[in-house]
Amino acid sequence: MAVTARKLEGAEALLAVWPAPVGEASWARSAREKAAARLMAMGAPVRRDEYWRFTDPTSLLVQPPKPAPVYDAIEKPPFGDVDRLRIVFVDGVYDPDQSDPLELAGVEIQTLAQVVGTDIHWARDLFGVLETRGQDPVDRPLAALNTARATEGIVINVTGQAARPVSFIYRHASETGEAMVRHLIRMAPGSDLTLLENGAAAARFNSVLEIEVADNASFHHVRTQGRAHDRRAATAIFARLGKESSFKSFTMTANGRLTRNECVIEFTGDDAHARVAGASIGEADFLHDDTVFITHDAVNCESRQVFKKVLRSGATGVFQGKILVKPGAQKTDGYQISQGLLLDDDSNFLAKPELEIYADDVACSHGSTCGAVDETSLFYLTSRGLPRAEAEGLLVLAFLDEAIQEIEDPVLADDMRERLGAWLARRGRL
Amino acid sequence: MLKIENLHVKLEEEGKQILKGVSLEVPAGQVHAIMGPNGSGKSTLSYVLAGRDGYEVTEGAASLGDFDLLDHEPEERAAAGLFLAFQYPVEIPGVGNMTFLRTAVNAQRKSRGEPEMNAAEFLKLVRETAKTLNIDAEMLKRPVNVGFSGGEKKRNEILQMAMLQPRMCILDETDSGLDVDAMKLVADGVNGLRAPDRSFLVITHYQRLLDHIRPDVVHIMADGRIVQSGGPELALEVEHNGYADILKSVA
Ligand SMILES: Nc1ncnc2c1ncn2[C@@H]1O[C@H](COP(=O)(O)OP(=O)(O)OP(=O)(O)O)[C@@H](O)[C@H]1O
Ligand SMILES: [Mg+2]
């Protein structure tokens, strides 16, 4: 499809806002240039693009970004009780003073800045590589922009069993800040890593994670996206999964003006499995978009997508999830469920579930539902003396729990439950 | 205790009249039974008393002591001491039975201005009560009624009743689907709760339950009205002859 003048100008504008990095190793420079060229070839996203129909990208592009007041949470931050290696970013900039030393048994950690300045580095086989693969067949211009321009981020080489989870904490300090971070993770065969992410990051946030999960390696990811009301974020995860590997990613989102979370997973080795799940809750001008693309290009792999959105007072939830089963990817087991719970008539849930299957011996299923709180359940609970609001709160948590159950670690799962409960309690719903 | 006067109820959506002037009084400490053919309006009566949406009261009144039932939300009726054991207990995936019970007990206490029960106290009481109803600890951990057998669901209703200590208990076909032993457990549960300041309205199709829970009065409901009331012998008559004779005699 020819790129319209508007899309082209938009891409130019994006590249003009972020300065081209200088003084990098030649492999990095070349990856940056190619990414810029990709972005120019596809153009900036517009509402007319097939995967932006439900989510207007304009506010992710305009300059300057709309300000977002910094939200000071009173209660304890997420993952408070979890022993982890903390890496702190302030408005998207790595802050070594607030962070733990980048040392952890089982992994090697560097900053992206260090890595792109190194002439010979394994990261050259990953940086921009998975993002490029993920551009076909669906354009992901903001991820290409990230490859072209992001200078902040963390690069992790997981060589064995990470001694503790690695935790990225995104502090939001300036109302008008715009942040872009890029993380790269390479997991050696049989290695194991838990990655935690939390925080509002910035008024506008562009984050990309590329991760290569080698044979028998296992990746766990739990993130919460900060509660600042007016923040906007476009995130993307690109993962490639080897034989018998495991990938589990869960995202909790409460509040935020606009969040677009893309997740692109490619199975390249047999007998692997992946789970992507999300629980989101928001009200009024909240828009939350999960756009997932899972490609099965190996035998006997299992993928699960479980997305639950609770929407209130005019909020919008979007789910676009696709399972692509390539020829020969026999014994694929693909499951996808997306559900919207509307707490009033003003809210919207828009879903675009897709299956594209080119193998004959597969089991794929998908379902999408959207509805209000079940009146019979509400009556049952209130007839036992629960005030209606509280009964509704319990049912909301119950609805979201199916996504939370996708988290393997019970401590992390309970942390998510507590947070969602607190969100409801602050609104008198629990 | 419970006083229902000339209650007329129609379905909000279809406008269909279901209750056509029900009058009934259950004094404190008594057990009354309601029997009646399928579709006569027994469950509707219990739902309307408990405050379910979808019904319109076109005439009549219902009160619990001084408390006007029809004027209040379901949770307020519960806090005032009304309890309905559902004919079809509702499955609520994702809500733990224990969480549900504790939230319910404490919500009622709170609305009555009583202190909340602490976790340890509560746990002890639930375990003890569950044991008497032969409900195992594993069932308490499961989501409310999810995957419970028919009989387990009914026993779970009685567990809730025992925990909430209501003063007016309505049991809608709690005996249906119970095996002989479970019926005995449920009846023991109910009898254990009998007290001078607590009343029961037991909806049933079978005389058998009434062997265990001796009613003071048996009412026969047909086509939205109480058509006959009498002593326990009325239930026996139904058991032997069905409703035909009774309905003929009042027609
Ligand atoms: N929501 C509804 N929509 C349509 N009809 C209804 C509804 N609720 C009740 N009815 C009708 O009202 C009548 C009374 O129903 P109800 O459930 O109260 O009967 P019941 O006496 O409890 O019967 P059973 O002994 O079978 O439990 C029936 O004809 C039933 O079909
Ligand atoms: Mg009935």
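Predicted model: local features only at pLDDT ≥ 70, side-chain atom pairs only at ≥ 80, totals over all residues.
Of the 430 residues in chain A, 60% are classed as buried, that is, with under 20% relative accessible area.

The overall dimensions of chain A were examined next. The C-alpha trace spans about 70 × 50 × 50 Å along its principal axes. Nine helices and 20 strands make up the secondary-structure elements assigned to chain A. Among contacts between residues at least 6 apart in sequence, 85% link residues that are at least 24 apart. Chain A carries 47 positive and 62 negative side chains. The centres of these two sets of charges are separated by 3 Å.

The bond from A:Q63 to A:P64 is cis, with omega near -10 degrees. A:P64 is situated in the loop that runs between α3 (58-61) and β1 (85-90). A cis bond also connects A:D136 to A:P137, where omega is about 10 degrees. A:P137 belongs to the loop between the helices α5 (129-134) and α6 (141-149).

Positive phi values in residues other than glycine were also found in chain A. A:A201 has phi near 75 degrees and is placed in the loop between β8 (192-199) and β9 (204-213). Because its relative accessibility is 0%, A:A201 counts as buried. For A:E244, phi is likewise positive, at about 55 degrees. This residue, A:E244, occupies the loop between β11 (232-241) and β12 (246-254). A:E244 has a relative accessible area of 43% and is therefore classed as partly exposed, a category that lies between the cut-offs of 20% and 50%.

In chain B, an unreviewed UniProt entry annotates residues 2-248 as "domain: ABC transporter". Over this range, chain B is 40% helix and 28% strand.

Definitions and conventions: Residues numbered from 1 in each chain as written. Chains lettered and ligands numbered in written order. Heavy atoms only, no water. UniProt positions renumbered as here; feature names shortened; annotations may be inferred. Helix = DSSP H or I, 4+ residues; strand = E, 2+ residues; numbered from the N terminus. Buried < 20%, exposed > 50% of the residue type's maximum accessible area, 1.4 Å probe, protein only. Contact = heavy atoms within 4.5 Å. Lys, Arg positive; Asp, Glu negative; His and termini not counted. Charge placed at Lys NZ, Arg CZ, Asp CG, Glu CD.
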